[in-house]
Amino acid sequence: MTEPTEETSGRAESRRARAARRAGEFPPAPEPLPGPVLDSHTHLDITVSEAGVPGGGPADDPVAAAVAVAAAVGVDRLVQVGVDVDSSRWGAETAERYPAVLATVALHPNEAPRLGDLDEALREIEALAARDRVRGVGETGMDFYRTGDEGRAAQEESFRAHIAIAKRYRKALVIHDRDAHADVLRILDDEGAPDTVVLHCFSGDADFAAECVRRGYLLSFAGTVTFGSAGALREAAALTPLDQLLVETDAPYLTPMPHRGRPNASYLIPLTVRSLAATTGADLDQLCAAISATGDRVFGPW
């Protein structure tokens, strides 16, 4: 099939070439939201190192630049999420320096099987979890997409340990669940879930969403809910009560439409919020207020 083309700089450029050219560029800022919301799950360290500084801000303080460009569109609070000891330590220190940032700390489920000394890494995560500006333990959980059978025992051991840390320090548990819905619920049942459980980048269908809602868990929706193929995910969002719904970027990944494939950052949250408003039928002002209040209840006050 011949790809559609457009004229760029006096020459024809294929859609594929155009996408490749723009892949490294942050998209333009969307229309600001009518009320403040938070980004409940972002990776500022990875965003800056892999994609650069959103909004073209000063490279000497990329966190301040990312916070400022997000605040300009109504995203006034960020939760920086750890995936290993180094990123968790960075997040805890960053949250202590920037009032708009809080942190969660954990070993990503795909990280656990790679570690030579899982117990020592967990001890370091627990020490970080005790800090005041660390408000969650995550992202932890189970991932059967990238880790095979040989790594699942280590994932499960790590997940169980993180559940215990979250309960010990009364912090929110932020769960990464990829192709592992039944096992995540089984382990939560075995260990006893903490008071606050967040399913990060919720990826289940309506039935799984209904079960999570019944248990009192919170469902955090990323830019994937805007994708054309995500009908089942939108069905899940539609049945989620507003006081159990959060929104996130998982930046620099999962950029919402119409910018899928380009770098993501917290300032793009309004695109996902507007999509969720259309999906849930909620008034945009009402949805912003609900997301903001839930964020404060789960992680705050900032």
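Q: In which loop is the place of Asp179?
A: The model is predicted, so local features need pLDDT of at least 70 and side-chain atom pairs count only at pLDDT 80 or more, while totals for chains, interfaces and linings use all residues. Residues are numbered from 1 along each chain as its sequence is written, and side-chain values use heavy atoms, with hydrogens and water left out. Helices (H or I, at least four residues) and strands (E, at least two) are DSSP runs, numbered from the N terminus. On that numbering, Asp179 sits in the loop between strand 7 (172-178) and helix 7 (181-191).

Q: What is the phi of Asp179, which is not a glycine?
A: Most residues other than glycine have a negative phi. Asp179 is exposed, with a relative accessible area of 52%, where exposed means over 50%, buried under 20% and partly exposed in between (1.4 Å probe, protein chains only). Although Asp179 is not a glycine, its phi is positive, at about 60°.

Q: Which residue just after helix 7 takes a positive phi?
A: The phi in question is about 85°. The residue that takes it, just after helix 7, is Gly192.

Q: Which residues in helix 7 are buried, and how wide an arc do they cover around the axis?
A: The buried residues in helix 7 are Val184, Leu185, Ile187 and Leu188. They lie on the same side of helix 7 because their arc, taken from the directions from the helix axis to the C-beta atoms, is only 165°.

Q: What covers the buried residues of helix 7?
A: Contact here means heavy atoms within 4.5 Å. The covering elements include strand 6 (134-143), helix 6 (152-169), strand 7 and helix 8 (206-214).

Q: What volume does the largest cavity have?
A: A cavity is a set of points on a 1 Å grid over the protein atoms alone where a 1.4 Å probe fits but cannot get out, and lining residues have an atom within 4 Å of a point. Grid points are joined across faces, edges and corners, and a volume is the space filled by probe spheres set on the points. The structure holds 1 cavity of 30 Å³ or more. The largest has a volume of about 60 Å³.

Q: Which elements give two or more residues to the lining of the largest cavity?
A: The lining includes Thr42, Leu44, Thr47, Ala66, Val69, Ala251 and Tyr267. The elements that give two or more residues are helix 2 (44-51) and helix 3 (62-71).

Q: How many disulfides does the count come to?
A: A disulfide is a pair of cysteine sulfur atoms within 2.5 Å. By this rule the count is 0 disulfides.

Q: Which cysteine sulfur is nearest to that of Cys212, which is in no disulfide?
A: Cys212 is buried, with a relative accessible area of 0%. The nearest cysteine sulfur, 13 Å away, is that of Cys201.

Technical notes: On a 1 Å grid over the protein atoms alone, a cavity is a set of points where a 1.4 Å probe fits but cannot get out, and a pocket is an open set with protein on both sides within 12 Å along at least five of seven lines; lining residues have an atom within 4 Å of a point.
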